[in-house]
Amino acid sequence: MRALLVLLLALPAGAQTFQRQAGDAALTVRRAFAAYIKKRVPLPPPPAFAQQLPKRRVRAFRDGWDEALRLLRDEKDCRGLYAKHGFGFDEVVKTMSSTNYAFYDLGDASIGAETLDRGSVFINTRGLFVTVQDGLITLDRRHYDLGDASDVRAMILLHELGHQLGFFGPDHGPGLEQANAEHSLDVIRACIPGGAIPQIL
Ligand SMILES: [Zn+2]
């Protein structure tokens, strides 16, 4: 997105000069934009839900899904987190695309989502995936700013992906808060640049 913004900002600067130069600048921008789009791998659509969902839930899921897939595609270290455990990009996408994601009231608001098995993930209707407003999160009493709500949702899906693929161990229950935070931080360090810096609120 950053590269695209720069390209679009370059357009008015070109247009201020002679008409011909402006034409050349616009052409350069168009060509650069076309090249930028071309090298992007399109993001796969989210899997269909088995349950009937309110539109706002579908939108929230789509938001987290798109950002998770974008991070996997665009952040080398993010792909690397899964690759180092033996799961390449295609396998990761296949796992996520064939996952049955379902929204349930899991009671405890501190749970964002829970993985049942490789192909099933519950998203807590009371948890952060649904209630998130901005990028601020708290992990084991420390605060972090992931940027925005999409990144928080993406982080939750990518955290669950670590459980689905079996390289994150159990981290749910008394005494496991630190393990849970470490799993989230593993994802944040790899996938969300700058997100692992502790914040003073
Ligand atoms: Zn976990």
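Two housekeeping points. What you see is a predicted model, where local features need pLDDT of at least 70, side-chain atom pairs count only at pLDDT 80 or more, and totals for chains, interfaces and linings use all residues. Residues are numbered from 1 along each chain as its sequence is written.

Okay, the layout. The chain has eight helices and six strands; these are DSSP runs numbered from the N terminus, helices being H or I with at least four residues and strands E with at least two. Reading from the N terminus, the order is α-α-α-α-α-β-β-β-α-β-β-α-α-β. Of the 201 residues, 29% are buried, where buried takes 20 or more other C-beta atoms within 10 Å of the residue's own, exposed is 12 or fewer, partly exposed is in between, and C-beta atoms are placed from the backbone. As for contacts (C-beta atoms, placed from the backbone, within 7 Å), among those between residues at least 6 apart in sequence, 54% join residues at least 24 apart.

Now the core. A nonpolar core here is a set of buried Ala, Val, Leu, Ile, Met, Phe, Trp, Tyr and Cys residues joined through C-beta atoms within 7 Å. The largest one has 37 residues, and Ala-68, Val-152, Met-155, Leu-158 and Cys-191 have the most contacts inside it. Elements giving it two or more residues include helix H3 (55-74), strand E1 (100-104), strand E3 (120-124) and helix H8 (177-191). The top contributor is H7, with eight residues.

So which helix axis comes within 7 Å of H7's? That's H3, and the two axes cross at roughly 75°. For the record, axes are lines fitted to C-alpha atoms, for helices over the stretch in contact, with angles from 0 to 180 degrees between N-to-C directions. Angles of 65 to 115 degrees count as roughly perpendicular, under 35 as roughly parallel, over 145 as roughly antiparallel and the rest as oblique, which is why H3 is called roughly perpendicular to H7. On the H3 side the contact includes Gly-64 and Ala-68; on the H7 side, Ala-154 and Ile-156 are among the residues. Ala-68 itself touches Ala-154, Leu-157 and Leu-158, leaving out residues up to four places away in sequence.

Next, the sheet. It's an open one of three strands, ordered E1-E3-E2, with mixed pairing, and pairing takes at least two DSSP bridges between two strands. E1 and strand E2 (113-117) are the edges, each pairing on one side only. E1 and E3 run parallel with five bridges, while E2 and E3 run antiparallel with four. H7 lies across E2 and E3, at about 25° to E2.

Last stop, Ile-156, which sits in H7, residues 149-164. Why does Ile-156 count as buried? Because it has 25 C-beta neighbours inside 10 Å. Beyond its neighbours within four places in sequence, Ile-156 contacts Gly-64, Gly-112, Ala-113, Leu-128 and Phe-129. Ala-113, in turn, stands opposite Ile-123 in E3.

Methods: Contact = placed C-beta atoms within 7 Å.
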